Amino acid sequence: MITGQNLVGGLWESNASDRIFQTANPKTKEYLSPMFQEATSEQVTLAVEKAAAAFEAYAATSFEQRVELLKAIQDEIKQKKTEIIVTYQVESALPEGRAKGELQRTLDQIERFIELLKDGSFSQATIHTHGPDLRKMLFPMGPIVVFGASNFPLAFSTAGGDTISALAAGCPVIVKAHPYHAGTSELVAQAIHSALKNRGLPLSIFSHLGGQSHTVGSDLVTHAKVKGVGFTGSFFGGKALYDLAQKRSEPIPVFAEMGSINPVFILEHKLKSDENLAADLASSVTLGTGQFCTNPGVIIICDPSQESSLVRRMHEEMRKMELPPMVHANIELKFKEQIAELTARGKEVEYYFSDNNHAVIGVVSAFHFIENPSLSEEVFGPFSLIVHCHSLEEMVDVVAGLKGQLTATLLSSPEDQKAVQLLLPKVQAKVGRVLFEGVPTGVAVTQAMQHGGPYPATTDSRFTSVGSDAIYRWLRPLAFQDCPDELLPLALKKENPLGIQRRVNGVLTTEAV
């Protein structure tokens, strides 16, 4: 049952504050029960202080103990599956298939971290015995704050990749729930809380705080005992948190994924030969009503003859679609405001609107796109701007003007390979992932995935927020010099009791030292 309370340092609490809020169904616009309480500054402080007090004990837990915790979280989420799915749909107006798919993705990504912990090599144990005996491995950083994402109520929220990777690393977590899906978030928080109880671990290593104002988030990020932040959302939100963190007396890392237009480059021969392009791109632009961080916001085509029918065919595909509402009225309002601002600017961009949904296509020349950098800003929703290039040289110029992105896609035919070879070095300097087939929407949760990119896509392009490598955001290297074996962590002991792969004097081995 959803209570509207906050989970503070392992205890569900009510407060006397009049700062309350409700979620709303995006389709009916009706407010939903119950009322949710915004966490007070005192509750924020208590949650962080308790997390910090429990950090030493939790950091010392074995990889096996953390595996058992993650398994218990999976089990508890499965037990609450029906209630979570129903609440998810009411709060987001997304269809049942999307809700079930995202729940399964959430469970699957927990499984990836279970596998990582069992393997143990993520600790990067390194031993050097010539000269001083030096043994180094990665250790958890401390309490981590995670902000739930508006567009993924499960996979990027309470038990999403940020939370689970931090728990796997050995870090306590304080979740700032997203107010758009506060009920879904609380149900998942209840599951994590129950899992901690079942495994006999300190309950204070997980807190769940609500609120509509920016106060809760700023209080968390500026608290001296918080050691890192995970965020998925808008550029303005992520940048504000990053700036707060850097102004602290002890600056801390903020791993913020802040948005991307994910350019798709379609080379000349591919544009002429692929009959499926229009349908594939239209589906990608409108997937989730355009509310995916990998939504292709700009499609750059090389069309010297100006004979391509791609725009017309994409528009026809979009007009036939029935799209669910956007996940919240505020996001829909922002989308409409951005489209209105774009259409009011002048005639250099031509727009194609859909009759029965929010989908919009813009068309602009490469010259005007390059001359107007604001056209490359993200419009969060079912919108894409088609940039018409008359030559490969214009495509190169477009790449040069782009900022950092999560993804870029290079679609080509065999006849386009020389062009791809020219573009690729320039494109890969701007992104975290380059695709050569398909569309950018859809992010595989594997160790090889890189979901990050140069600023302003993220605040640190060296890390990923998807896949098991996401754990490295919450770890720091620690070296032991001439340390007695009995004081060493298990991963560094002479006999290698964990049986993990370690680098010993430059050689990867599982043997004892």
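User: Let's start with Gln306 in this model. Where does Gln306 lie?
Analyst: Keep in mind that we're looking at a predicted model. Two elements sit on either side of this residue in the chain: E13 and helix H11 (310–319). Gln306 lies in the loop between E13 and helix H11.

User: Is Gln306 buried or exposed?
Analyst: Its relative accessible area is 53%. Exposed means over 50%, so with 53% Gln306 is exposed.

User: Which accessibility class does Asn262 fall in?
Analyst: Asn262 also has a positive phi, of about 45°, although it is not a glycine. You'll find Asn262 in the loop between strand E11 (254–257) and E12. Its relative accessibility is 0%, so Asn262 counts as buried.

User: What kind of peptide bond joins Ser33 and Pro34?
Analyst: Find Pro34 in the loop between strand E3 (20–21) and strand E4 (36–37). Omega for the bond joining Ser33 and Pro34 is about 0°. That peptide bond is cis.

User: And what is omega for the cis bond that joins Tyr455 and Pro456?
Analyst: Pro456 has its place in the loop between strand E18 (431–435) and E19. A cis peptide bond joins Tyr455 to Pro456, with an omega of about 10°.

User: On to the helices. Which residues of H14 are buried?
Analyst: Helix H14 covers residues 392–401. Going along it, the buried ones are Leu392, Met395, Val396, Val398 and Val399.

User: What do the buried residues of H14 pack against?
Analyst: Both strands and helices take part. The strands are E12 (264–266), E13 (298–302) and E16 (383–389). The helices are H13 (366–371) and H15 (417–428).

User: Which residues have the most contacts inside the largest nonpolar core?
Analyst: In soluble globular proteins, nonpolar side chains tend to be buried together. Here the largest nonpolar core has 93 residues. Apart from it lies another core, of 22 residues, including Val8 and Leu209. In the largest core, the residues with the most contacts are Ile73 and Ile77.

User: Leaving out residues up to four places away in sequence, which residues does Ile73 touch?
Analyst: With those sequence neighbours set aside, we can go through its contacts. Ile73 touches Ile110, Ile164, Leu167, Ile192 and Ala195.

User: What about His181: buried or exposed?
Analyst: His181 sits in the loop between strand E8 (173–176) and helix H6 (182–199). Not counting residues up to four places away in sequence, His181 touches Thr23, Glu91, Ala149, Ser150, Phe152, Pro153 and Ser157. Its relative accessibility is 2%, so His181 counts as buried.

User: How far apart are the C-alpha atoms of Glu83 and Ile2?
Analyst: Glu83 is in helix H3 (residues 81–92). Not counting residues up to four places away in sequence, Glu83 touches Met1, Ile2 and Leu187. Glu83 and Ile2 are 81 residues apart along the chain, but their C-alpha atoms are separated by 9.7 Å.

User: Which accessibility class does Thr222 belong to?
Analyst: Thr222 is part of helix H7 (residues 215–222). Leaving out residues up to four places away in sequence, Thr222 touches Leu244 and Arg248. Its relative accessibility is 37%, so Thr222 counts as partly exposed.

User: Last topic, the second largest pocket. Which element gives the largest share of its lining?
Analyst: The second largest pocket has a volume of about 380 Å³. Of its 22 lining residues, the closest to the centre are Ala59, Ala60, Arg66, Phe139 and Pro489. Helix H1 (41–59), helix H2 (63–79), strand E6 (134–140) and strand E19 (475–481) each supply at least two residues of the lining. The largest share, four residues, comes from E6.

User: How many residues of that pocket's lining are nonpolar?
Analyst: Let's sort the lining by class. Three residues are polar and three are charged. The nonpolar ones number 16.

Methods. Residues numbered from 1 in each chain as written. Predicted model: local features only at pLDDT ≥ 70, side-chain atom pairs only at ≥ 80, totals over all residues. Heavy atoms only, no water. 1 Å grid on protein atoms, 1.4 Å probe; cavity = no way out; pocket = protein on both sides within 12 Å on 5 of 7 lines; lining within 4 Å. Points joined across faces, edges and corners; volume = space filled by probe spheres on them. Nonpolar A, V, L, I, M, F, W, Y, C, P; charged D, E, K, R; others polar. Buried < 20%, exposed > 50% of the residue type's maximum accessible area, 1.4 Å probe, protein only. Contact = heavy atoms within 4.5 Å. Core = buried A, V, L, I, M, F, W, Y, C linked by side-chain atoms within 4.5 Å.
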